[in-house]
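Here is a short briefing to read alongside the model. Take a moment to bring up the coordinates, and then let's walk through two topics together.

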Amino acid sequence: MKEYLAYLGLRAGVGLVGALPGPMVRSLGRRFGSVWGRVDTSRRSMARRHMDRVLDDGESPDQASLEIMRSYGRYYAEALWARARRVEAMLAETEVIGLEHIVSARDAGTGMIYALPHMGNWEAAAPISANVGVPVVAVAEVLPNRRITDWFTEMRAEFGIEIVLATGRVEVMRKLEQAILDNKAVALLSDRDLKGTGIEVEFFGEKTTLPPGPATLAVRTGAPLLPVGCYFKDGGYRVVVNPALAVPAEGSRTEKVGALTQQLATNLEELIEVAPKQWHLVVPNWPSDREVT
């Protein structure tokens, strides 16, 4: 009963947000993020640590961390507000750089992999891909409340994102490989390894691990691995699709995955440095982060 009431309450709240105009939603989201940043000191502290690694000398990591929380608040507000009926208007407000890389992979019939950092509203890239005939497949966790999981899955489908639920690594990889064979795009958030058991890389001058999924899929399927950055603009978005990363010609599969993941780490650095205050990484991501939590 509690799960059902939580589901009904969430649907009512999302319905209320969905009825508001876009500018109001963005403003409310940033205000929520500002409050969130002042209350949730652990996440803001972690954002501050990450900004110490990224920002140029002279910039304040403390002020940047508050701006990150405001930007994150906007992301959540927009995620609740987005509807299929708004896709056309969102596309009209989106600047796209590098669309030719998606079109080229589509025409080659190879499928493709989008590797994204937690930048801006990363879900805004999905309608761009779908608009040129490339469906997007993404992985999501199964929430404790299955009604909410199913509802969010349906909402994302209306927005152009087919969800594969993370029910087991082998099963998920099989479904993602099939999506690539079907000439779809697999979108993977690639800048954090929550379990800390992924591929070791150097990322912003410090050793850490990143998830092996993007590089593993690219090596196993031959699909191009395209780094993608999604950024907020005042009233819309800017999406940058970088050229495919080159899979190493030599070495074992493990060695190729490792080298390709390091290439990806370097490319993600470049995407993040464009707008570091929109990088919503507020959890430990380096071994030294975990030592202080």
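Which exposed residues does the face of H9 turned away from its buried side carry? They are Val170, Arg174 and Leu181. Please keep in mind that this is a predicted model.

**Helix H9**

- Helix H9 covers residues 169-181, and its 13 residues should span 18 Å at 1.5 Å a residue; the end C-alpha atoms are 18 Å apart, which agrees.
- On the buried side of H9 you will find Val172, Met173, Leu176, Ala179 and Ile180.
- Viewed down the helix axis, the buried residues of H9 fall within an arc of 120°, so they line one face of the helix.
- After H9 comes Asn183, which has a positive phi, near 65°.

**The largest pocket**

- The largest pocket holds about 2,000 Å³ of space.
- Its lining is made up of 50 residues, and those nearest the pocket centre are Val139, Ala140, Glu141, Leu189 and Arg192.
- Helix H4 (residues 61-81) gives the largest share of this lining, with five residues.
- By residue class, the lining of the largest pocket has 34 nonpolar, eight polar and eight charged residues.

Notes
Residues are numbered from 1 along each chain as its sequence is written. This is a predicted model: local features need pLDDT of at least 70, side-chain atom pairs count only at pLDDT 80 or more; totals for chains, interfaces and linings use all residues. Side-chain values use heavy atoms; hydrogens and water are left out. Helices (H or I, at least four residues) and strands (E, at least two) are DSSP runs, numbered from the N terminus. The expected span of a helix is 1.5 Å times one less than its number of residues. Buried means under 20% relative accessible area, exposed over 50%, partly exposed in between (1.4 Å probe, protein chains only). The arc is that of the directions from the helix axis to the C-beta atoms. On a 1 Å grid over the protein atoms alone, a cavity is a set of points where a 1.4 Å probe fits but cannot get out, and a pocket is an open set with protein on both sides within 12 Å along at least five of seven lines; lining residues have an atom within 4 Å of a point. Grid points are joined across faces, edges and corners, and a volume is the space filled by probe spheres set on the points. Ala, Val, Leu, Ile, Met, Phe, Trp, Tyr, Cys and Pro count as nonpolar, Asp, Glu, Lys and Arg as charged, and the others, Gly among them, as polar.
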